[in-house]
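Hi,

Here is the structure I promised to pass on. Have a look at it first, and then read on for what turned up.

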Amino acid sequence: MKIVAIANQKGGVGKTTTAVNLGSALAELGHRILLIDLDPQANATSSLGLEGMDGTSLYEPLLGDGSITEKILPTERDGFFIVPADLDLAGAEVEIARMPNHLTRLAETLKPLQTDDTFDFVLLDCPPSLGILMSNALAAADELLTPIQCEYFALEGLVKIVRLVEQVRDSGANGRLELGGIVMTMFDSRTNLSSQVVSEVRDHFGERVYEIVIPRSVRLSEAPSFGKSILEYDPNGAGANAYRALAREFLKRHAPLATAPALSQTPASENLEM
Ligand SMILES: Nc1ncnc2c1ncn2[C@@H]1O[C@H](COP(=O)(O)OP(=O)(O)OP(=O)(O)O)[C@@H](O)[C@H]1O
Ligand SMILES: [Mg+2]
C-alpha cells in the first residue's frame with residue numbers, strides 16, 4: 001500500500017479535483033483506492049455526493065477514539081472508497097496540537113490499513129494550509145503529488161514545496177517522503193501562458209513533472225455539483241480522458257505496485273515516457 005499526499009499549500013490549484021478523479025480512474029483500472037478527505041472544507045466528500053454526515057470523518061480516529069476502518073464508505077464506483085470530512089475536522093487542528101505525538105497521529109491512524117492489505121493506494125486530499133493536518137499528511141505519506149495551476153508564480157510555489165519536503169525529511173518526522181510528481185492543471189491551450197509555464201516548470205523539475213497535463217474543462221468544474229467524478233459525469237470528455245491518462249502514467253511510475261493488466265491498458269500511441 002502506497003500513501004500519496006495530494007498537497008500544495010496554495011488554494012484552488014486542483015488538489016481535490018485531482019484526488020477525486022485520479023482516484024476514480026485508478027479504481028476503473030482495477031486498483032483498490034481509499035481517498036481520505038483531510039480538508040474541513042469537505043470538498044472531496046461533497047464532490048462524491050456525500051454530505052452532512054457528522055461523525056463520519058477521520059476526526060475521532062485521529063484523536064485516538066476508534067479505528068479508521070469504521071469511517072470508510074463506498075462510492076458509486078467499485079473499488080473506490082472514501083473517509084469523508086466533516087466540520088469536526090476543523091477542531092482537530094487545535095486538539096491534535098495538544099497531543100504529545102501530534103505530527104504522527106495520521107501515520108498511527110493509517111497503520112491498520114498497512115497490515116490488512118485492503119487498498120493499493122491511499123490518497124490524502126490535503127487542505128491548502130501548512131497546518132497540523134497537512135503536516136500530519138506529509139509525515140504519513142510515502143510521496144507527495146503536487147498539482148499546480150498553469151499560471152504565473154507556479155515555480156515560486158513549487159520551490160516552497162520542495163523546501164517543505166526537505167524540512168519534513170530533515171526533521172526526522174518522515175525520512176522516506178519524496179516529491180513523487182508534479183501535475184500541471186487547468187491548462188488552457190488557447191493561451192501562450194499555459195505552454196510557457198509548463199515548459200518553465202519542466203526545465204526546472206524535469207521528470208518529476210507528469211507528461212500528462214490536465215486541460216481546463218468546464219465539465220471538470222461542473223462534476224462536483226452533481227456529486228460525481230468526471231468518469232461518471234462526462235465519461236468520454238477531455239477531462240475524463242486526461243484523468244484516465246494520468247492514472248495510467250501514475251501506475252507506470254509505480255510499476256512494482258501496479259498489476260500487469262492495468263499497465264497493458266496503456267495505448268501504445270500515447271507518449272507517457274518519463
Ligand atoms: N482542469 C480544470 N478545469 C476547470 N476547472 C477546474 C479544473 N480543475 C479544478 N477546477 C476547478 O477549480 C476550482 C479549484 O479546484 P480544486 O477544488 O480541485 O482545488 P483545490 O486545490 O483542492 O482547492 P483548495 O485549496 O480550496 O482545497 C474548483 O472550482 C474546480 O472545480
Ligand atoms: Mg481542495
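Which helices each supply at least two residues of the shell around ligand 1? They are H1, which spans 15–28, and H9, which spans 218–222. Of these, H1 gives the most to the shell, with 3 residues. Before you go further, keep in mind that this is a predicted model.

**The ligand site**

Ligand 1 sits in the largest pocket. There are 18 residues around the ligand, and the ones that come nearest are Lys15, Thr16, Thr17, Pro215 and Ser217.

- Lys15 places a polar side-chain atom 2.8 Å from an oxygen atom of ligand 1.
- Val13 takes part through its backbone, with an N or O atom 3.0 Å from a ligand oxygen.
- Ser217 also uses its backbone: one of its polar atoms there is 2.9 Å from a nitrogen atom of ligand 1.

As for cover, ligand 1 on its own has 620 Å² of accessible area, and the protein covers 81% of that.

**The loop between E7 and H8**

Next, go to the loop that runs between strand E7 (178–185) and helix H8 (192–205), where you will find Asp188. Is Asp188 buried or exposed? Its relative accessible area is 14%, so Asp188 is buried, the cut-off being under 20%. The side chain of Asp188 reaches the backbone nitrogen of Arg190 at 3.0 Å.

Met186 is found in this loop between E7 and H8 too. Its phi is near 55°, a positive value in a residue that is not a glycine. Met186 has 22% relative accessibility and therefore counts as partly exposed.

**Another positive phi**

Ala42 is also a non-glycine residue with a positive phi, in this case of about 60°. You will find Ala42 in the loop between strand E2 (33–37) and helix H2 (43–47). Why does Ala42 count as buried? Because its relative accessibility is 15%, and buried means under 20%.

Cheers

Technical notes. Residues are numbered from 1 along each chain as its sequence is written. Chains are lettered from A and ligands numbered from 1 in the order in which they are written. This is a predicted model: local features need pLDDT of at least 70, side-chain atom pairs count only at pLDDT 80 or more; totals for chains, interfaces and linings use all residues. Side-chain values use heavy atoms; hydrogens and water are left out. A residue is near a molecule or strand if one of its heavy atoms lies within 4 Å of it. A polar contact is a pair of N or O atoms within 3.5 Å; within protein, one must be able to donate a hydrogen and the other to accept it, and residues adjacent in sequence count only if both atoms are side-chain atoms. Accessible areas come from the Shrake-Rupley method with a 1.4 Å probe; for residues, only the protein chains shown count as cover. On a 1 Å grid over the protein atoms alone, a cavity is a set of points where a 1.4 Å probe fits but cannot get out, and a pocket is an open set with protein on both sides within 12 Å along at least five of seven lines; lining residues have an atom within 4 Å of a point. A molecule sits in a cavity or pocket if more than half of its atoms lie within 2 Å of its grid points. Helices (H or I, at least four residues) and strands (E, at least two) are DSSP runs, numbered from the N terminus. Buried means under 20% relative accessible area, exposed over 50%, partly exposed in between (1.4 Å probe, protein chains only).
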